[in-house]
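The sequence and structure come first, and the text then goes through the elements in turn.

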Amino acid sequence: MTALASAARPNFDVETIRADFPILHQQINGHDLVFLDTAASAQKPRQVIQAMVDVMENDYANVHRGVYALSQRATDKFEAARGKAAKFINAPHEDSIIFSRGATEGINLVAASYGQRLGPGDEIITTELEHHSNIVPWQIIAEKQGAKVLFAPMDDNGALDMDAFRSLISNRTKIVAVTHVANTMGTVLPVQEIARLTHAVGAVILVDGCQAAPHMPVDVQALDVDFYAFSGHKIYGPTGIGALYGRPEILADMPPYQGGGEMIETVEKTGSTYKEPPHRFEAGTPAIVEAVGFGAAIDYIQSIGLEGIGAHETDVAAHAEALLRAMPEVEIMGAPGAKTSVLSFNVKGAHAHDVGTILDQMGVAVRAGQHCAQPVMDRFGVHATARASFGMYNTKAEAEALAAAVAKTIEIFG
Ligand SMILES: Cc1ncc(COP(=O)(O)O)c(C=O)c1O
């Protein structure tokens with residue numbers, strides 16, 4: 001299986017890719033499944049599923065503690081996944097990768113640990129484009145420390161208003177927390193420029209990379225960011241695992257997030273001492289099987305190549321967008337210049353949930369709701385949208401199936 005996962009695939013071929021995803025080959029409500037909810041969670045290729053079965057059948061034991069061979073093998077596979085995650089985002093060292101349950105936990109870790117340095121009058125800047133997981137942890141720590149959370153606004157197209165961002169940032173700013181790609185409209189934020197402005201005032205920057213990592217090459221050193229969080233299940237791996245990159249010199253000075261086994265050096269009745277990062281931030285038995293699946297997902301993506309994946313997805317999403325824009329009854333939310341393969345829309349006179357339900361009747365799976373981004377909905381004055389999001393396995397024929405299903409919805413709501 002490992003050989004299959006790492007075999008190079010220089011030419012992007014969507015049919016070969018589709019053959020790797022068993023779940024895609026089924027009918028829903030009498031129609032071929034058209035899965036357009038990859039931004040919520042991506043489907044899993046056989047290579048990931050097999051890697052997880054493999055470790056459970058052959059190499060499973062608890063990690064880091066056993067002196068016996070099986071535990072050593074499990075530890076090697078677990079730690080290899082850390083190395084793969086480091087290479088995937090060009091982190092300077094694998095010790096700068098902390099395993100988390102996902103992006104949400106990674107952001108909470110930074111807020112709860114690094115955030116302890118905040119004091120009254122300090123400011124955290126986030127944006128109106130964020131998923132709730134890059135808002136709420138900052139509100140919690142700001143309230144505890146007497147700090148403030150400021151929101152950089154977006155423009156009418158759904159792009160970040162950089163002039164407004166520049167006017168918000170000051171020497172009161174201590175943390176800037178921005179998404180790399182917005183989950184609602186696919187807006188790509190100018191992270192490198194935001195990092196430059198952040199460092200110019202002596203603050204640190206955390207980037208929520210959940211919706212970027214599956215679609216574009218990420219280089220945390222070139223971006224010059226201090227923290228970068230992403231989730232395994234959005235990059236075709238399992239749930240329950242993700243990675244948080246932290247700049248080594250910053251991690252070295254951060255207190256633990258949670259206490260327990262695995263993260264300590266000594267425990268005495270009078271107090272405890274902690275391991276060096278990343279283990280200081282990984283209390284308890286980790287998600288061993290999931291980490292192996294996460295590593296296999298990274299192998300899988302890299303065997304295809306993110307440039308090819310991103311170009312294909314953009315092509316399919318642009319086709320879908322053109323078809324929907326041609327329908328006067330459809331309102332597409334935002335038109336940011338730089339974007340990935342996400343499309344949020346409404347059908348005039350219909351609730352997004354009804355649209356989603358009718359599309360499902362035709363085998364088309366889209367998400368409907370607020371997408372954990374209430375400030376985005378408020379900014380556009382809508383309660384909810386239907387969202388079609390595209391992955392490496394989607395085809396132009398599926399974009400057409402979406403358009404046909406939307407046309408049917410318009411007919412029904414006449
Ligand atoms: C932009 C963004 N950030 C954070 C998250 C949270 O990810 P997770 O639920 O895997 O922690 C999501 C999930 O939809 C997301 O799209």
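In helix 15, the buried residues are Glu398, Ala399, Leu402, Ala403, Ala405, Val406, Thr409 and Ile410; buried stands for under 20% relative accessible area, exposed for over 50%, and partly exposed for values in between (1.4 Å probe, protein chains only). Seen down the axis of helix 15, these buried residues fall within an arc of 165°, so they line one face of the helix. The arc is taken over the directions from the helix axis to the C-beta atoms. Ala397, Glu411 and Ile412 are exposed on the other side of helix 15. Glycine 414 follows helix 15 and has a positive phi, near 25°.

This is a predicted model, in which local features need pLDDT of at least 70 and side-chain atom pairs count only at pLDDT 80 or more, while totals for chains, interfaces and linings use all residues. Residues are numbered from 1 along each chain as its sequence is written, and side-chain values use heavy atoms, with hydrogens and water left out. Helices (H or I, at least four residues) and strands (E, at least two) are DSSP runs, numbered from the N terminus.

Helix 3 can be described in the same terms. Gln47, Val48, Ala51, Met52, Val55 and Asp59 are buried in helix 3. Down the axis of helix 3, its buried residues fall within an arc of 140°, so they line one face of the helix. Met56 and Glu57 are exposed, on the face of helix 3 turned away from its buried side.

The table gives the spans of both helices, from first C-alpha to last; the expected span is 1.5 Å times one less than the number of residues.

| Helix | Length | Span | Expected span |
|---|---|---|---|
| Helix 15 | 18 residues | 26 Å | 26 Å |
| Helix 3 | 14 residues | 19 Å | 20 Å |

Between helix 3 (46-59) and helix 4 (69-88) is a loop that holds valine 67. Valine 67 has 87% relative accessibility and therefore counts as exposed. Val67, Tyr68 and Leu70 form a nonpolar patch on the surface, with about 330 Å² of accessible area together.

Isoleucine 17, in helix 2 (residues 14-19), has 1% relative accessibility and therefore counts as buried. Isoleucine 17 and tyrosine 393 are 376 residues apart in sequence, but their C-alpha atoms are 6.1 Å apart in space.

Turning to the strands, 5 of the 5 residues of strand 9 (residues 227-231) are buried. Phe227, Ala229 and Ser231 point one way from strand 9, and Tyr228 and Phe230 point the other way. Two strands are taken as paired if DSSP finds at least two bridges between them. Strand 8 (residues 204-208) runs parallel to strand 9 and is joined to it by 3 bridges; leucine 206 stands opposite phenylalanine 227. Strand 10 (residues 242-246) pairs with strand 9 in the antiparallel sense over 5 bridges, and here leucine 244 is the bridge partner of alanine 229.

How many of the 5 residues of strand 11 are buried? The number is 0, so strand 11 (residues 264-268) lies largely in the open. Strand 11 pairs with strand 12 (residues 271-274) in the antiparallel sense over 4 bridges, and isoleucine 264 has tyrosine 274 as its bridge partner. Strand 11 and strand 12 form a hairpin, with 2 residues between them.

Key. Patch = residues over 30% accessible without salt bridge, like charges linked within 9 Å, V, L, I, M, F, W, Y side chains within 5 Å. Areas by Shrake-Rupley, 256 points an atom, 1.4 Å probe, with all protein chains shown as cover. Salt bridge = Lys/Arg side-chain N within 4 Å of Asp/Glu carboxyl O.
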